[in-house]
Structure formats: structure tokens, C-alpha cells
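Reader: I've got a model open and I'd like to learn how to read it. Could you walk me through it?

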Amino acid sequence: MDLAELEDILKDEKSFRKKQVMHAIFHELIGDWGEATALSKDIREKLKAKCSLDINAELFESADKNTAKALITLKDGKKIETVLMLHTGNRSTVCISSQVGCPVGCLFCATGKMGFYRNLTVYEILEQLLFFARYLKNKGDRKITNVVFMGMGEPFLNYDNALSAIKIINDGQCFNIGSRKISVSTSGIIEGIKRFSEEDLQVNLSISLHAPSNALRSQIMPINKQYGIGEILSAVDDYINKTSRKVMYEYVMLKDINDTVECAEGLVKLFKKRPLVMLNLIIYNPTGNFEPSSRETVKQFKELLEKNGLFVTQRYEFGQAINAACGQLASRDGKNSA
Ligand code: SF4
């Protein structure tokens, strides 16, 4: 579906019609226009003809059913991935993609190896949530509670569409997910961080840092040559001053690359005097180039940071058996080709 097409069909209708339609798609989670009984038969017929509600997706579930991944085929045949993680309690997080492939090219990332094809439309971003919202509705127990823009692509290189999608995710008449439950992760696109600090949003910001020095970061994230650590930290400091919101720095733990004592000490230097900052250590889900740090190394790394007063969290591993790291399925067997 294309939201522009939908707008076009509704252009002569009163404004509340569009709200009814959005509510039917993103709140009632209808799978067929026939279910949208608040709309006239005439509108339903037009929508049925031009705005398909079908989602072409292949589902992969982990054995414990706590992780599910969907490989969605878009209208032009390109593939994107989205992951659902069911946590203890009632928290259900969906990790969504913002681009087909990614131009940033981080060496530890399967999507980065794939190259970049195009930005996702607003609906293509939302379709990923829609898929899992329907999946959970059919299972009958839980709802999506959290959304992270941490799948394929760099959301700040598709800023306008990502922002429009966030507004619909947050809209009480649509997905109705609180802005504090939505997180956007960037590799450090300065223009995006600056724009984001001007938005009147309570959405969380996280930064993919992954190294304490420019020399090391440039080796594993080539974009660092364009947006270096000093510039990123300064843009984030401004963001924090403006919004008073906490920022999460992501740090994927790569064996013998960025998990040394020197690296931990480098992080302490960067963050010791920075308030409202958290570090999130991520256990690496191997995609070929690197190996994950051992549990013992991660533990010691975390202890050193905490001993020096840093606030550190650790992300649990999800779904290795279903290739849950972003880009692993879409790039498998050359499934995305230009
Ligand atoms: S880690 Fe994120 S920014 Fe880096 S290549 Fe992968 S998708 Fe792009």
C-alpha cells in the first residue's frame, strides 16, 4: 500500500474519514477492507481496489517462541526484516528497518555488507509493526509495547519518513505506543541529531558508538571518517542540554577488537563527566567478520565501567537460531539484488 494513494482516494472526503481509515488499519488491525464497517461501501470498494492490506512476509520463530523474525517482500521485490522480541512481563519490542540495505557499511553488520538500495516509504516502515501487531492479535495475548528503529538502515538518512512513521506509531488513534517507548538509533548522523533535538518529541535517542577512539571506530564504522566521535559527542551534549533527555550509547562487544581494558578506559574518559548518558553493551550476534566477546570479558568490561561511575546496561541475546541480527535473512542467498 501507498499512503499517498490512500490520501488521493480520500481527498474529497471530510477529514474525519481519513482518521477512520487510519484507525481501521493501524488500531483495529483489519486484514480486509470489508471489516471497516464505519466506512461507506463505496469507499471500501475503492480502497480494496487500490490499497491492499496484504503483507507478503515469511515468518521465522525461535524454538522458545520468544523471538520472531519476518522477512517482508515489498512491492518492488526488495526484502526487509523486522524482529519481535517478547520479554518477561508484558514487554514486547519490535525492531524495525528504515531502509532497504544501508549506506553506512559497518563491518560487523550483515546489512552493511549488502549495500544500499533505497529508503522505505512511511507505510513500508509501518507495515513491519502492522505485521507483528496482527500476529500478536491472532495469538490473543499481548500487544506491541516498544518500538526500536534498529533494524536495516540508518533512520536519520530517511529522516522525514521515519519521523512521519513515529507520529503514526505514537498516535492514540493508530498504534498508540507512547513516545517514551519508541527509540531511534543512529550511527551518528549529525544533521539528524540536530534536527531531532528540535522536534517536540519524547522519543528516545541512541547512538551506535562501538569504539572509544576515532582510529578504532573508523576501522569498523567507515562513516566515522565523516562524523567523528568528538563531533557526535558534542551534538549529543547539545541534544541533552535542549531536551534534558537521557541518551543511550550502544557498544557491540567484538572479541579482541573493542573489548580490551584500554577500550574500557577510553570509554571512561569519554563519559565520566557526561550526565544523562547510558552505555549499552551488546552481545554480538556473529555475521561473519568478527567474533563475540566472551561472557567473562563482557562482565569484566562492564565492571570496570561501573567502578568508574558509568551507568551501564547489557542487552540480552535474542534469536541467534533465526539469524536475528539485522540483514542476515535479507542478504541470505542474495535475496536482495539490485
Ligand atoms: S549497523 Fe546500522 S548503520 Fe551500521 S551498516 Fe548496519 S544497519 Fe547500517
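Author: Two strands pair if DSSP finds at least two bridges between them. Before the case itself, this is a predicted model: local features need pLDDT of at least 70, side-chain atom pairs count only at pLDDT 80 or more, and totals for chains, interfaces and linings use all residues. Residues are numbered from 1 along each chain as its sequence is written, and side-chain values use heavy atoms, without hydrogens and water.

Reader: Okay, in which sense do β1 and β2 pair, parallel or antiparallel?

Author: Antiparallel, over 5 bridges, with β1 at residues 57-61 and β2 at residues 67-73. Leu59 has Ala70 in β2 as its bridge partner. The hairpin has 5 residues between the strands, and Lys65 there takes a positive phi near 65°.

Reader: And how do I read two packed helices?

Author: You describe them by the angle between their axes and the distance between the axes. Axes are lines fitted to C-alpha atoms, for helices over the stretch in contact, and angles run from 0 to 180 degrees between N-to-C directions. Here α10 (residues 261-271) and α11 (residues 295-307) have axes that come within 9 Å and cross at roughly 30°. Angles under 35 degrees count as roughly parallel, so α10 and α11 are roughly parallel to each other.

Reader: Which residues of α11 does α10 meet?

Author: Phe301, Leu304 and Leu305, in contact (heavy atoms within 4.5 Å) with α10 residues including Val261 and Leu267.

Definitions and conventions
Helix = DSSP H or I, 4+ residues; strand = E, 2+ residues; numbered from the N terminus. Parallel < 35°, antiparallel > 145°, perpendicular 65-115°, else oblique.
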